[in-house]
Amino acid sequence: MSAEGYPHPTSSAVVAVMKGNRSRDTLPEVRLRSELHALGLRFRKDYAVVLPDRRVKVDVAFSRRRLAVFVDGCFWHGCPEHGHNPRKNTHYWGPKLERNRRRDEAVTRGLETEGWRVLRLWEHVPPEQAALEVVAAFREASREG
Ligand SMILES: [Zn+2]
């Protein structure tokens with residue numbers, strides 16, 4: 001008998017994803033950072049920004065340009081390609097993922113209100129391409145700043 005309301009991860013992949021949610025330096029982040037370093041960009045990682053209603057850690061921050069980059073995990077942040085709710089435990093994952101989505105939006109809005117430009121990249125974007133998107137956003141931020 002399974003307890004109603006309690007998630008039972010049915011595959012090692014799901015377990016890995018659950019663990020992945022708790023670690024800060026995910027592999028896609030690490031790869032993006034090394035690409036950015038290779039391009040000569042200097043930034044801060046896990047940069048803390050205090051908003052009126054919450055404290056945010058920015059994955060990759062260009063603090064002077066006020067550019068905040070997040071590498072969003074496909075599962076937890078609901079990527080349209082890979083973020084579909086698992087068929088099992090929908091009653092558990094559905095609301096949880098919806099809360100994550102709302103929190104992401106609130107974080108983005110909060111940062112934008114404070115004058116930050118926010119770039120969210122899915123973790124499935126190849127690091128080279130993700131780096132180019134960051135460079136483009138960085139240039140735009142520099143023009144405006
Ligand atoms: Zn994805």
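**Salt bridges and a helix crossing in a predicted model**

Arginine 101 is partly exposed, with a relative accessible area of 37%; in the terms used here, buried means under 20% relative accessible area, exposed over 50% and partly exposed in between (1.4 Å probe, protein chains only). The model is predicted: local features need pLDDT of at least 70 and side-chain atom pairs count only at pLDDT 80 or more, while totals for chains, interfaces and linings use all residues. Residues are numbered from 1 along each chain as its sequence is written, and side-chain values use heavy atoms, with hydrogens and water left out.

The side chain of arginine 101 meets that of glutamate 98 in a salt bridge, with an N to O distance of 2.8 Å. A salt bridge is a side-chain nitrogen of Lys or Arg within 4 Å of a carboxyl oxygen of Asp or Glu. Glutamate 98 is likewise partly exposed, at 28% relative accessibility. Helices (H or I, at least four residues) and strands (E, at least two) are DSSP runs, numbered from the N terminus.

The structure holds eleven salt bridges. One of them joins glutamate 140 to arginine 117, the closest N and O atoms being 3.1 Å apart. This pair links distant parts of the chain, with glutamate 140 in helix H4 and arginine 117 in strand E4 (residues 117–122), 23 residues apart. Glutamate 140 is partly exposed at 36% relative accessible area, and arginine 117 is partly exposed at 22%. Salt bridges with shared partners join Asp25, Glu29, Arg33, Lys45 and Asp46 into one network. Within it, aspartate 25 pairs with arginine 33, the closest N and O atoms lying 2.8 Å apart. Aspartate 25 is partly exposed, at 37% relative accessible area, whereas arginine 33 is buried, at 7%.

Helix H2 (residues 27–38) and helix H4 (residues 127–144) have axes that come within 9 Å and cross at roughly 60°. Axes are lines fitted to C-alpha atoms, for helices over the stretch in contact, and angles run from 0 to 180 degrees between N-to-C directions. H2 and H4 are therefore oblique to each other, since angles under 35 degrees count as roughly parallel, over 145 as roughly antiparallel, 65 to 115 as roughly perpendicular and the rest as oblique. The contact (heavy atoms within 4.5 Å) is made by Arg31, Leu32, Glu35 and Leu36 of H2 and by Pro127, Glu128, Ala130, Ala131 and Val134 of H4.
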